[in-house]
Each structure stands twice: as C-alpha cells, then as structure tokens.
Amino acid sequence: MTAVPRISLRGIDPKETLVLQDGRRLVNGGSGPGGAQSVDFNRFPLGLIDHIDILKDGRLADLRHEAVAGVVNVFMIHRFRGLEVYGSYGTRTLVSPNDRGEETGYLLAGYR
C-alpha cells in the first residue's frame, strides 16, 4: 500500500495547510495519520500543473483561521497547444533490492 501524498509546511500537521487550486479553496478529504483530514495531491494530474506557489505566512486576513502553517496554491494549465508525451520509471528508494518499480506517464494534447 502506498502513502497518500500530502503536504506539511513547517512540520505542522497537513490539515493545517490550506490548499488552493487556481486560487479556490479545496475541500479536505481522505483520512491522514490520526484521522486528520488533508488534501490528497494525487488529485492534480501531473501533466496539467503549470506552477505551484507556496506562501509560508498564514497571516492572510481572510484565510488566517484555515492557513495556520501556510498556503499552497496549485495553478493548472487551462490553454494548451501542442503535444507532450512524458514517461518515467524508477524506484522510490535504493535501500532494498526488492523495491517495486514505479511507472508514471501521460499524454497531453490540445489546440486552441
């Protein structure tokens, strides 16, 4: 069983980090350690991420109660023109020779 990718700023519990997609708040879902609710980063397709902004100050006036550790804003690609093919294969660690291989791949195509 693989771990669910979650983000923890400053070593604070992941549920204390506010995660936005294109500036809109995402609803926390899934159970983390100890039953904590946090955003699963598998929900973002790898090929559609444009960039990620990390704001470590949780002192935003309108978000101060939700963003104790900080804010992570994931910006997606909305207009894509062309063709992109990506593939990778590897293991997570080099510690054990019995580690299972991991494959990742995507095909992104669009016109506008």
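The lining of the largest cavity consists of five nonpolar, three polar and two charged residues. In this count Ala, Val, Leu, Ile, Met, Phe, Trp, Tyr, Cys and Pro are nonpolar, Asp, Glu, Lys and Arg are charged, and the others, Gly among them, are polar. The model is predicted, so local features need pLDDT of at least 70 and side-chain atom pairs pLDDT 80 or more, while totals for chains, interfaces and linings use all residues. Residues are numbered from 1 along each chain as its sequence is written, and side-chain values use heavy atoms, without hydrogens and water.

The volume of the largest cavity is about 50 Å³. Among the 10 residues lining this cavity, I7, P14, V19, S38 and V39 are the closest to its centre. A cavity is a set of points, on a 1 Å grid over the protein atoms alone, where a 1.4 Å probe fits but cannot get out; lining residues have an atom within 4 Å of a point. Volume is the space filled by probe spheres set on the points, which are joined across faces, edges and corners.

Q21 belongs to strand β1 (residues 17-21), a strand being a DSSP run of E of at least two residues, numbered from the N terminus. Q21 is partly exposed, at a relative accessible area of 27%; buried means under 20%, exposed over 50% and partly exposed in between, with a 1.4 Å probe and protein chains only.

L83 is located in strand β7 (residues 82-90) and is exposed, with a relative accessible area of 63%.

Definitions and conventions
Helix = DSSP H or I, 4+ residues; strand = E, 2+ residues; numbered from the N terminus. 1 Å grid on protein atoms, 1.4 Å probe; cavity = no way out; pocket = protein on both sides within 12 Å on 5 of 7 lines; lining within 4 Å.
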